[in-house]
Amino acid sequence: MALSTIRTVNHLLKPFTAATRRLSSDSNATINVEISKPYTAHNIDPPSSIVETTPNELMTFFSDMAEMRRMEIAADSLYKAKLIRGFCHLYDGQEAVAIGMEAAITKKDCIITAYRDHCIFLARGGGLVESFAELMGRKDGCSKGKGGSMHFYKKDSGFYGGHGIVGAQVPLGIGISFAQKYNKEDHVTFAMYGDGAANQGQLFEALNMAALWDLPAILVCENNHYGMGTAEWRAAKSPAYYKRGDYVPGLKVDGMDALAVKQACKFAKDHVLTKGPIEVIVFHVRGLLDSGVHETHLGQ
């Protein structure tokens, strides 16, 4: 990380550090926090609204999200300066989803997503140098400079990339979960998509197969209310995406709350490993750069 970035992040952290110290002198002391917006469930009992955390985890959440935000703001400037070519889809405003999800799983669990993939890559253990090199088409990038903004990749951490074709990553994610079950692994796959892909036929086909075969797959709809420039209400007759799995349990989550996301992902992982068939999660998020408000849902 550049020195200026380190100084800025440290400056942002100062008031938060002081507040955390007042909570406890022990950075690993357990803190119980009640989420501000309760979960809404479909065909399943929701998880507890009380989430366990620690001062150390809260500090990590904040510093990681601050780093993600600054990275995306820098990427925006580079794109406008034409140093990033092609497409560049940013994730700022949705950092709590990536952070909360990562806190609930391990690197043996897999994630596959659409084209807003920069921050997911960072959460999976990727670095800033690899990120910016990829964005600018350099060989030191995570995909050797050949993927660009939409195709970050980190197989050694279970990140199977960003994908530019709307909804196409979901069947691939179901395939990864099939391999996990076939190999008798005790891990799960999170297949992420946006509300703009929520009406794709391939999504429902993949969901049907996952339910038939009791696969350890969790479909995550990050609903920011806009599929690029098309408002949610213009594209979907029923925007209650967490219910659209029909026979599959669903959960609606506040994607702006990292602790709520963490609890929901842990709950979903335990569910698909022990009860099946599949849990779909919907996160509501508010991003910054696209038209209108962003919302993310965990579960469906």
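How much space lies in the second largest pocket?

## The second largest pocket

The second largest pocket holds about 220 Å³ of space, in a model that is predicted, where local features need pLDDT of at least 70, side-chain atom pairs count only at pLDDT 80 or more, and totals for chains, interfaces and linings use all residues. Residues are numbered from 1 along each chain as its sequence is written, and side-chain values use heavy atoms, with hydrogens and water left out.

A pocket is an open set of points on a 1 Å grid over the protein atoms alone, where a 1.4 Å probe fits and protein lies on both sides within 12 Å along at least five of seven lines, and lining residues have an atom within 4 Å of a point. Its volume is the space filled by probe spheres set on the points, which are joined across faces, edges and corners.

The lining of the second largest pocket includes E57, D64, I99 and L122. Helix 2 (55–80), helix 3 (95–104) and helix 4 (118–123) each give two or more residues to this lining, and the largest share, 6 residues, comes from helix 2. Helices (H or I, at least four residues) and strands (E, at least two) are DSSP runs, numbered from the N terminus.

## The largest pocket

The largest pocket has a volume of about 360 Å³ and is lined by 24 residues, with Y115, G194, D195, G196 and A197 lying nearest its centre. Strand 5 (189–194), strand 7 (226–227), strand 8 (230–231) and helix 8 (232–235) are the elements that give two or more residues to its lining.

By class, this lining has 10 nonpolar, 10 polar and 4 charged residues, where Ala, Val, Leu, Ile, Met, Phe, Trp, Tyr, Cys and Pro count as nonpolar, Asp, Glu, Lys and Arg as charged, and the others, Gly among them, as polar.

## Two residues with positive phi

Most residues other than glycine have a negative phi. N43, however, has a positive phi of about 60 degrees although it is not a glycine, and its place is in the loop between strand 2 (40–42) and strand 3 (50–53). K184, found in the loop between helix 6 and strand 5, has a phi near 55 degrees, which is also positive in a residue other than glycine.

N43 is exposed, with a relative accessible area of 53%, and K184 also counts as exposed, at 75% relative accessibility; exposed means over 50%, buried under 20%, and partly exposed in between (1.4 Å probe, protein chains only).
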